Amino acid sequence: MSTMRVGETGLALRDTKRQNMQKMTGATIKWTLFVATIFSLFALLMIVLFLLYRGIPAMADIGFFKFLFGTTWDSPSSQYGILPALLGSLYVTALATVMGVAIGVFSAIFLHRFCKKRFVGPIVQAINILAGIPSVVFGIFGLLVVVPFIQNNLSPDVEGHGILAASIILSIMIAPTVISISLNALKSIPKELFEGALALGASIPQAEFCVVVPAAKGGILAASVLSIGRAIGETMAVMMVIGGDHEIPKGLMQSINTMTALIAGEAREAGGLWLEALIATGILLFVFSLVINFVFMRIRAKVDYRFSMRSKKKNRSPMETLAKSLSVTVLGVGKAMDSDHAKPSVDLSKLFFVDHETKKSNRKKIKFDVLKVLSCVGAGITLVFLASILVFIAKQGVSSLSWHFLFGEYSVDNPSIKPALLGSAYLILISLLIAVPIGIAAAVYMSEYMSRRSKFIKYLRMSVETLASIPSIVYGLFGYILFGSIFGWGYSFLGAGITLAIMVLPGIIRTTEEGLLSVHNMYREGSFALGASKARTTFRVVVPQAASGILTSVILAIGRVVSESAVLLLTLGLVPGALPDTMGPGTSMALDIFYFATQNKEGQAAAAATVLILFVVVINLGATQLAKLLSRKTK
């Protein structure tokens, strides 16, 4: 008996020790994940404090109103007025947004309702390719195609640079984002609304434009707001076609400047008050991004709140509530009826039946036919621009591709992109080694260890969204001053890699968190029922189930790093032919393209762009396939 008691006591002690070890391990893991999560808040706070610390004194020395409304930008005389660049940014953003949103929304409507199903998939894939083309490639296309076209056909007396050229390029750059978000919003509307409108006598265009599109206006408006943020923060493409003259904009084809182009063009040569004035310009960009992000979150929260509150009144799901309310409001009957027995005050059948004997009915039919044609035209414009860019780049670049150009030794007379390929690979390595562990850890903590109703997670998500909305040139300016000047690293791969890591971190967090949240709760509950701890359930059950989503976030981060040029222009410098050195300057694929384009080496620029586009297309296709795999696993 004594021997059995001793054995039982030993087993109990071992069980107690194992449980204590599991608790200590779980606590350690939880705190490690928490620290990684706080990094996103710390990064945002660091950027904000840095900009304010270096930019506010410059505004005070110059004078806030002189800085904001001054028209002279002259470093020798220490006069820094940002008004011409501010107006240039606003004009370019406004025109690009109008064109890009119109093209994007009509294209989304075409894909949702009027395109044959067998063509929707290939067209969406083509639009994703357009979205993945680096901005510097758009800049080449604008510099070598759009600008000469404007000069030769619209205004021979000017060089072709200016608001019109920049707006055309930006509108095509933001169109894929508008298409993607608007198409998702249209698809989320219950098909019963569309079918009900048809049953009431509406034509297909009438049902789409009078019922489905108004019902999806929240998502369409959100897409428009996001497109404004993309347009106002774009740097390289705008810098290559805007002209660069610091003058008040007076015409569409006048050479002007924008805030992003001003920072990118002068930051590397600036010092003292000149540099601080550029940092103050970065503050304005940051404020614009904050306002745009705030508006986007308010729109999204308002739409979600409206339908959730309506759902609670009748104990319906949000989609049931949407179908119920829109069957009345969107069809023009009046406000949503709280009572299920309320009757509409008008005859719905008269609303949609078309009387071809009246001119009013004929005009209505023509109006919707015109809208249908515009949706086809919008999709056509998008595809034509994609084909034009790819054909132009391939035509100009394929002839310059050679084994030496890809893998030979670099020389001024016979350049090679081998150093750029190695530099891009080195930047990917540095940035992912920093961003991936922190991003995945933060996403795991936010999705698995925090209450989804807590206020703290709302602030965390807000900080992540804010980091994601900051223009890349602001990241570049931050890295240039912090790592280059304060730390004394100068232009270096290390400083550039850390800056890129901070820039891609929000994307990794958001994509990984979505993958984790998509894992069904039955896996967690089953693991807990078997006695597994929180940490074991998270890392042995939940994370493997979300592996495809996590890998997708990493692939998208690689594509972002390879395509980035504005950040690298300020943190890595531009030294063609320089091999990677951790603490030295160098080059990358995107920087080589910019260098070749500005040195009138069109063939080499197009050849390098061809290689970069092929790489980005492979990255995007891989991410798309992984997303499909993830959706199959979660069904």
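A: Happy to! One definition to begin with: the expected span of a helix is 1.5 Å times one less than its number of residues. Helices here are DSSP runs of H or I with at least four residues, strands are runs of E with at least two, and both are numbered from the N terminus. This is a predicted model, where local features need pLDDT of at least 70 and side-chain atom pairs count only at pLDDT 80 or more, while totals for chains, interfaces and linings use all residues. Residues are numbered from 1 along each chain as its sequence is written, and side-chain values use heavy atoms, with hydrogens and water left out.

Q: Nice. So what span should helix H18 have, and what does it have?

A: H18 covers residues 455-469, and its 15 residues should span 21 Å at 1.5 Å a residue. Its end C-alpha atoms are 21 Å apart, which agrees.

Q: Which residues of H18 are buried?

A: Ile 457, Leu 460, Ser 463, Val 464, Glu 465, Thr 466 and Leu 467. Buried means under 20% relative accessible area, exposed means over 50%, and partly exposed is in between, using a 1.4 Å probe and protein chains only.

Q: And how many residues of H19 are buried?

A: H19 is mostly covered, with 13 of its 15 residues buried. H19 runs over residues 472-486 and should span 21 Å; its end C-alpha atoms are 20 Å apart, which agrees. Just after H19, Gly 488 takes a positive phi of about 75 degrees.

Q: Let's zoom out. How many helices and strands are in the protein?

A: There are 26 helices and two strands. Of the 635 residues, 50% are buried.

Q: Now helix packing. At what angle do H3 and H6 pack?

A: About 40 degrees, with the axes of H3 (residues 83-114) and H6 (residues 163-187) 6 Å apart. Axes are lines fitted to C-alpha atoms, for helices over the stretch in contact, and angles run from 0 to 180 degrees between N-to-C directions. By class, the contact of H3 with H6 has 22 nonpolar, eight polar and one charged residues. Ala, Val, Leu, Ile, Met, Phe, Trp, Tyr, Cys and Pro count as nonpolar, Asp, Glu, Lys and Arg as charged, and the others, Gly among them, as polar.

Q: What about H7 and H8: how do their axes cross?

A: The axes of H7 (residues 191-199) and H8 (residues 204-215) come within 9 Å and cross at roughly 130 degrees. That makes H7 oblique to H8. Angles under 35 degrees count as roughly parallel, over 145 as roughly antiparallel, 65 to 115 as roughly perpendicular and the rest as oblique.

Q: Which residues make that contact?

A: Leu 193, Phe 194, Ala 197 and Leu 198 of H7, with Ile 204, Ala 207, Glu 208, Val 211 and Val 212 of H8. Contact means heavy atoms within 4.5 Å. By class, there are eight nonpolar, no polar and one charged residues.

Q: Last one! Where is Met 583?

A: Met 583 is in the loop between H24 (566-571) and H25 (589-598). Met 583 counts as partly exposed, at 40% relative accessibility.

Q: What does Met 583 touch?

A: Not counting residues up to four places away in sequence, Met 583 touches Trp 489, Tyr 491, Ser 492 and Leu 494. The C-alpha atoms of Met 583 and Gly 490 are separated by 8.1 Å, and these two are 93 residues apart along the chain.
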